[in-house]
Amino acid sequence: MPELPEVEALVQDLRGRLVGRAISRVDLAAFSALKTFDPPLHALHGTLVDDVTRHGKFLDVDASGVHLVIHLARAGWIRWRDEVPALPARPNSKNPLAARVVIDDPDLDVQPGLDITEAGTRKGLAIYVVRDPQEVEGISRLGPDPLDDAFTIDVLRGILEAEGRKQIKGVLRMQSIVAGIGNAYSDEILHAARMSPFKPANSLEDDDLQTLYDAIRGTLGDAVRRASGLAASELKGEKKSNLAVHGRTGQKCPVCGDVVREVSFADSSLQYCPTCQTGGKPLADRRLSKLLK
(Lines give C-alpha, C1' and ligand atoms only; values in the text may rest on other atoms or scores of the structure.)
Protein backbone atom coordinates (compact mmCIF):
# COMPACT_ATOMS: atom_id res chain seq x y z
CA MET A 1 0.00 0.00 0.00
CA PRO A 2 1.40 3.42 -0.91
CA GLU A 3 1.98 5.44 2.28
CA LEU A 4 3.08 8.98 3.03
CA PRO A 5 6.61 8.80 1.51
CA GLU A 6 5.46 7.19 -1.74
CA VAL A 7 2.50 9.54 -2.15
CA GLU A 8 4.74 12.53 -1.42
CA ALA A 9 7.17 11.33 -4.11
CA LEU A 10 4.27 10.85 -6.53
CA VAL A 11 3.18 14.42 -5.79
CA GLN A 12 6.65 15.74 -6.57
CA ASP A 13 6.87 13.72 -9.79
CA LEU A 14 3.38 14.65 -11.00
CA ARG A 15 3.76 18.30 -10.06
CA GLY A 16 6.68 18.54 -12.45
CA ARG A 17 4.76 16.78 -15.20
CA LEU A 18 1.31 18.36 -14.85
CA VAL A 19 1.43 21.92 -13.53
CA GLY A 20 0.66 24.41 -16.28
CA ARG A 21 -0.70 21.74 -18.62
CA ALA A 22 -4.32 21.18 -19.61
CA ILE A 23 -6.44 18.10 -18.95
CA SER A 24 -8.00 17.05 -22.22
CA ARG A 25 -10.27 14.41 -20.75
CA VAL A 26 -10.60 11.80 -18.00
CA ASP A 27 -11.68 8.30 -19.02
CA LEU A 28 -13.30 6.15 -16.35
CA ALA A 29 -12.66 2.44 -16.83
CA ALA A 30 -13.86 1.20 -13.41
CA PHE A 31 -17.15 2.88 -12.52
CA SER A 32 -16.98 1.71 -8.91
CA ALA A 33 -13.82 3.77 -8.36
CA LEU A 34 -15.61 7.12 -8.76
CA LYS A 35 -17.16 8.09 -5.43
CA THR A 36 -18.71 11.47 -6.31
CA PHE A 37 -21.13 12.81 -8.90
CA ASP A 38 -21.12 16.60 -8.38
CA PRO A 39 -19.11 18.12 -10.01
CA PRO A 40 -19.26 15.55 -12.81
CA LEU A 41 -16.10 13.94 -14.11
CA HIS A 42 -16.23 16.00 -17.29
CA ALA A 43 -15.87 19.18 -15.19
CA LEU A 44 -12.14 18.44 -15.38
CA HIS A 45 -12.10 18.50 -19.17
CA GLY A 46 -10.29 21.57 -20.48
CA THR A 47 -9.00 22.65 -17.07
CA LEU A 48 -5.45 23.79 -16.36
CA VAL A 49 -3.48 22.02 -13.62
CA ASP A 50 -2.47 24.58 -10.96
CA ASP A 51 -0.89 22.28 -8.40
CA VAL A 52 -0.50 18.72 -7.13
CA THR A 53 -0.54 18.22 -3.34
CA ARG A 54 -1.03 15.56 -0.69
CA HIS A 55 -3.39 15.07 2.26
CA GLY A 56 -2.13 12.08 4.25
CA LYS A 57 -2.27 9.26 1.69
CA PHE A 58 -4.67 11.17 -0.61
CA LEU A 59 -3.26 12.69 -3.81
CA ASP A 60 -4.87 15.98 -4.92
CA VAL A 61 -4.67 17.43 -8.46
CA ASP A 62 -6.01 21.00 -8.41
CA ALA A 63 -7.19 21.91 -11.90
CA SER A 64 -8.74 25.36 -12.26
CA GLY A 65 -10.42 25.02 -8.88
CA VAL A 66 -11.74 21.50 -9.50
CA HIS A 67 -9.92 18.87 -7.48
CA LEU A 68 -9.22 15.35 -8.69
CA VAL A 69 -8.53 13.47 -5.46
CA ILE A 70 -7.18 9.91 -5.56
CA HIS A 71 -6.72 7.36 -2.78
CA LEU A 72 -4.68 4.42 -4.05
CA ALA A 73 -5.81 2.00 -1.31
CA ARG A 74 -3.88 -1.28 -1.08
CA ALA A 75 -3.03 -2.05 -4.67
CA GLY A 76 -3.49 1.17 -6.60
CA TRP A 77 -0.79 3.00 -8.52
CA ILE A 78 -0.25 5.79 -11.02
CA ARG A 79 1.77 5.36 -14.19
CA TRP A 80 2.88 8.17 -16.47
CA ARG A 81 2.61 7.42 -20.17
CA ASP A 82 4.36 9.50 -22.82
CA GLU A 83 1.62 8.48 -25.21
CA VAL A 84 -1.88 7.26 -24.40
CA PRO A 85 -4.23 5.57 -26.88
CA ALA A 86 -6.30 7.93 -29.01
CA LEU A 87 -9.51 6.05 -28.24
CA PRO A 88 -11.05 6.52 -24.78
CA ALA A 89 -10.46 3.79 -22.21
CA ARG A 90 -13.33 1.33 -21.87
CA PRO A 91 -14.48 -0.74 -18.88
CA ASN A 92 -12.78 -4.14 -18.80
CA SER A 93 -12.93 -6.40 -15.75
CA LYS A 94 -9.63 -8.08 -16.72
CA ASN A 95 -7.75 -4.79 -17.08
CA PRO A 96 -6.26 -3.15 -13.96
CA LEU A 97 -6.95 0.31 -15.42
CA ALA A 98 -9.36 2.30 -13.25
CA ALA A 99 -9.10 5.69 -14.97
CA ARG A 100 -6.95 7.59 -17.43
CA VAL A 101 -6.13 11.30 -17.35
CA VAL A 102 -5.26 12.55 -20.83
CA ILE A 103 -3.09 15.68 -21.13
CA ASP A 104 -3.49 18.17 -23.97
CA ASP A 105 -0.07 19.39 -25.05
CA PRO A 106 -0.04 21.41 -28.31
CA ASP A 107 3.75 21.11 -28.49
CA LEU A 108 3.55 17.33 -28.90
CA ASP A 109 2.27 15.17 -31.74
CA VAL A 110 0.92 12.65 -29.23
CA GLN A 111 -1.09 12.95 -26.04
CA PRO A 112 0.62 11.96 -22.78
CA GLY A 113 -1.29 11.08 -19.64
CA LEU A 114 -1.71 9.17 -16.42
CA ASP A 115 -3.01 5.64 -15.98
CA ILE A 116 -4.58 5.09 -12.57
CA THR A 117 -4.51 1.34 -11.98
CA GLU A 118 -5.44 -1.18 -9.31
CA ALA A 119 -4.19 -4.75 -9.20
CA GLY A 120 -6.05 -7.71 -7.70
CA THR A 121 -9.70 -8.43 -7.06
CA ARG A 122 -10.15 -6.52 -3.78
CA LYS A 123 -11.01 -3.11 -5.16
CA GLY A 124 -10.56 -0.17 -2.82
CA LEU A 125 -9.12 2.56 -5.03
CA ALA A 126 -11.21 5.73 -4.79
CA ILE A 127 -11.49 8.75 -7.09
CA TYR A 128 -13.27 11.97 -6.10
CA VAL A 129 -14.06 15.10 -8.11
CA VAL A 130 -14.76 17.94 -5.68
CA ARG A 131 -14.57 21.72 -5.37
CA ASP A 132 -12.81 21.50 -2.01
CA PRO A 133 -10.70 18.55 -0.78
CA GLN A 134 -12.41 18.84 2.62
CA GLU A 135 -15.57 17.52 0.93
CA VAL A 136 -13.86 14.11 0.91
CA GLU A 137 -14.73 12.50 4.23
CA GLY A 138 -11.42 10.70 4.51
CA ILE A 139 -9.57 14.01 4.21
CA SER A 140 -11.83 15.99 6.53
CA ARG A 141 -11.19 13.60 9.42
CA LEU A 142 -7.43 13.21 8.96
CA GLY A 143 -5.18 13.62 11.97
CA PRO A 144 -2.03 15.78 11.85
CA ASP A 145 0.65 15.13 9.25
CA PRO A 146 3.72 13.70 11.02
CA LEU A 147 6.13 15.64 8.80
CA ASP A 148 4.39 18.97 9.32
CA ASP A 149 6.21 21.49 11.52
CA ALA A 150 3.09 21.64 13.68
CA PHE A 151 3.54 17.97 14.61
CA THR A 152 5.57 18.50 17.78
CA ILE A 153 6.45 16.08 20.53
CA ASP A 154 3.72 17.67 22.66
CA VAL A 155 1.18 16.90 19.93
CA LEU A 156 2.34 13.28 19.93
CA ARG A 157 2.15 13.16 23.72
CA GLY A 158 -1.45 14.38 23.64
CA ILE A 159 -2.38 11.82 21.00
CA LEU A 160 -0.93 8.89 22.93
CA GLU A 161 -2.45 9.96 26.25
CA ALA A 162 -5.86 10.29 24.60
CA GLU A 163 -5.66 6.77 23.14
CA GLY A 164 -5.18 5.16 26.56
CA ARG A 165 -4.26 1.47 26.55
CA LYS A 166 -4.60 0.99 22.80
CA GLN A 167 -1.62 -0.74 21.18
CA ILE A 168 0.88 1.71 19.73
CA LYS A 169 0.94 -0.08 16.36
CA GLY A 170 -2.78 0.50 15.84
CA VAL A 171 -2.59 4.10 16.98
CA LEU A 172 0.11 4.95 14.44
CA ARG A 173 -1.93 3.39 11.63
CA MET A 174 -5.21 5.18 12.40
CA GLN A 175 -5.55 7.96 9.82
CA SER A 176 -7.86 10.05 11.99
CA ILE A 177 -5.11 10.10 14.64
CA VAL A 178 -1.94 10.49 12.53
CA ALA A 179 -2.17 10.96 8.77
CA GLY A 180 -0.17 8.99 6.24
CA ILE A 181 1.36 6.09 8.21
CA GLY A 182 0.26 2.61 7.18
CA ASN A 183 1.19 -0.96 7.97
CA ALA A 184 4.71 -0.89 6.54
CA TYR A 185 6.00 2.33 8.03
CA SER A 186 4.42 1.70 11.43
CA ASP A 187 6.49 -1.52 11.54
CA GLU A 188 9.59 0.40 10.48
CA ILE A 189 9.03 3.23 12.97
CA LEU A 190 8.57 0.85 15.89
CA HIS A 191 11.66 -1.11 14.90
CA ALA A 192 13.70 2.11 14.73
CA ALA A 193 12.32 3.07 18.16
CA ARG A 194 13.09 -0.45 19.54
CA MET A 195 9.52 -0.61 20.76
CA SER A 196 6.97 -3.43 20.90
CA PRO A 197 4.00 -2.95 18.57
CA PHE A 198 1.76 -4.10 21.45
CA LYS A 199 3.00 -1.45 23.89
CA PRO A 200 0.10 0.60 25.32
CA ALA A 201 -0.01 4.10 23.86
CA ASN A 202 -0.26 5.88 27.21
CA SER A 203 2.58 3.95 28.87
CA LEU A 204 5.48 5.87 27.33
CA GLU A 205 7.82 7.72 29.67
CA ASP A 206 9.49 10.92 28.45
CA ASP A 207 12.57 9.13 27.08
CA ASP A 208 10.44 6.62 25.16
CA LEU A 209 8.24 9.42 23.86
CA GLN A 210 11.27 11.27 22.49
CA THR A 211 12.59 8.08 20.93
CA LEU A 212 9.27 7.37 19.21
CA TYR A 213 8.94 10.96 18.01
CA ASP A 214 12.45 10.88 16.54
CA ALA A 215 11.73 7.52 14.90
CA ILE A 216 8.53 8.83 13.27
CA ARG A 217 10.17 11.95 11.89
CA GLY A 218 13.41 10.19 10.98
CA THR A 219 11.93 7.10 9.32
CA LEU A 220 9.41 9.03 7.24
CA GLY A 221 11.77 11.90 6.48
CA ASP A 222 14.52 9.54 5.30
CA ALA A 223 12.05 7.65 3.11
CA VAL A 224 10.81 10.88 1.52
CA ARG A 225 14.38 12.01 0.83
CA ARG A 226 15.28 8.65 -0.76
CA ALA A 227 12.16 8.73 -2.94
CA SER A 228 12.46 12.40 -3.93
CA GLY A 229 13.24 12.78 -7.60
CA LEU A 230 12.39 9.20 -8.50
CA ALA A 231 9.86 8.43 -11.21
CA ALA A 232 6.68 6.65 -10.17
CA SER A 233 7.95 3.43 -11.76
CA GLU A 234 10.92 3.33 -9.36
CA LEU A 235 9.15 4.02 -6.06
CA LYS A 236 7.93 0.54 -5.17
CA GLY A 237 11.36 -1.00 -5.59
CA GLU A 238 13.00 1.78 -3.60
CA LYS A 239 10.59 1.29 -0.70
CA LYS A 240 10.96 -2.49 -0.57
CA SER A 241 14.75 -2.41 -0.70
CA ASN A 242 15.00 -0.14 2.34
CA LEU A 243 12.60 -1.87 4.74
CA ALA A 244 14.27 -3.32 7.84
CA VAL A 245 11.49 -5.62 9.11
CA HIS A 246 8.25 -5.13 7.20
CA GLY A 247 7.71 -7.92 4.69
CA ARG A 248 10.93 -9.64 5.84
CA THR A 249 9.55 -12.48 7.96
CA GLY A 250 12.20 -15.18 8.45
CA GLN A 251 15.07 -12.97 7.34
CA LYS A 252 17.79 -11.52 9.54
CA CYS A 253 17.27 -8.19 11.27
CA PRO A 254 19.80 -5.76 9.74
CA VAL A 255 20.52 -4.31 13.20
CA CYS A 256 21.08 -7.35 15.42
CA GLY A 257 20.90 -10.40 13.17
CA ASP A 258 17.93 -12.00 14.95
CA VAL A 259 15.18 -13.56 12.82
CA VAL A 260 12.33 -11.18 11.93
CA ARG A 261 9.02 -12.58 13.17
CA GLU A 262 5.39 -12.00 12.22
CA VAL A 263 2.02 -11.65 13.92
CA SER A 264 -0.91 -12.36 11.61
CA PHE A 265 -4.39 -10.90 11.77
CA ALA A 266 -7.53 -11.50 9.73
CA ASP A 267 -6.51 -9.30 6.80
CA SER A 268 -3.00 -8.07 7.59
CA SER A 269 0.17 -8.85 9.50
CA LEU A 270 2.97 -7.06 11.31
CA GLN A 271 6.66 -7.82 11.42
CA TYR A 272 9.12 -7.12 14.23
CA CYS A 273 12.48 -8.11 15.65
CA PRO A 274 12.27 -9.80 19.08
CA THR A 275 15.79 -8.80 20.13
CA CYS A 276 15.39 -5.15 19.12
CA GLN A 277 11.78 -4.66 20.21
CA THR A 278 10.47 -7.16 22.76
CA GLY A 279 13.45 -8.15 24.90
CA GLY A 280 13.90 -11.36 22.93
CA LYS A 281 10.38 -12.59 23.64
CA PRO A 282 8.23 -13.60 20.65
CA LEU A 283 4.78 -12.01 20.53
CA ALA A 284 1.73 -14.25 20.57
CA ASP A 285 0.33 -14.92 17.11
CA ARG A 286 -3.30 -15.71 17.86
CA ARG A 287 -4.16 -16.89 14.36
CA LEU A 288 -1.22 -19.31 14.30
CA SER A 289 -2.07 -20.51 17.82
CA LYS A 290 -5.59 -21.42 16.69
CA LEU A 291 -4.20 -23.44 13.78
CA LEU A 292 -1.93 -25.38 16.10
CA LYS A 293 -4.70 -26.40 18.52
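**Exercise 1.** In this predicted model, determine how the lining of the largest pocket divides into nonpolar, polar and charged residues, and which elements contribute to that lining.

*Solution.* 
Step 1. The classes in the lining of the largest pocket are seven nonpolar, five polar and nine charged residues.
Step 2. The lining consists of 21 residues, and those nearest the centre are M1, P2, R74, K239 and H246.
Step 3. At least two lining residues come from each of β5 (76-81), α5 (183-192) and α7 (232-241). Among the contributors, α7 gives the most, namely three residues.
Step 4. The volume of this largest pocket is about 540 Å³.

**Exercise 2.** State the volume of the second largest pocket, and identify which residues lie closest to its centre.

*Solution.* 
Step 1. The second largest pocket holds about 350 Å³ of space.
Step 2. Its lining comprises 15 residues, with K57, F58, H71, R141 and Q175 closest to the centre.
Step 3. Sorted by class, the lining of the second largest pocket contains seven nonpolar, five polar and three charged residues.

**Exercise 3.** Locate T36 and describe what its side chain reaches and which residues it touches.

*Solution.* 
Step 1. T36 belongs to the loop that runs between β1 (22-28) and β2 (49-55).
Step 2. Leaving aside residues up to four places away in sequence, T36 touches I127, Y128, V129 and V130.

Terms used
Residues numbered from 1 in each chain as written. Predicted model: local features only at pLDDT ≥ 70, side-chain atom pairs only at ≥ 80, totals over all residues. Heavy atoms only, no water. 1 Å grid on protein atoms, 1.4 Å probe; cavity = no way out; pocket = protein on both sides within 12 Å on 5 of 7 lines; lining within 4 Å. Points joined across faces, edges and corners; volume = space filled by probe spheres on them. Helix = DSSP H or I, 4+ residues; strand = E, 2+ residues; numbered from the N terminus. Nonpolar A, V, L, I, M, F, W, Y, C, P; charged D, E, K, R; others polar. Polar contact = N/O pair within 3.5 Å; in protein donor to acceptor, adjacent residues only side chain to side chain. Contact = heavy atoms within 4.5 Å.
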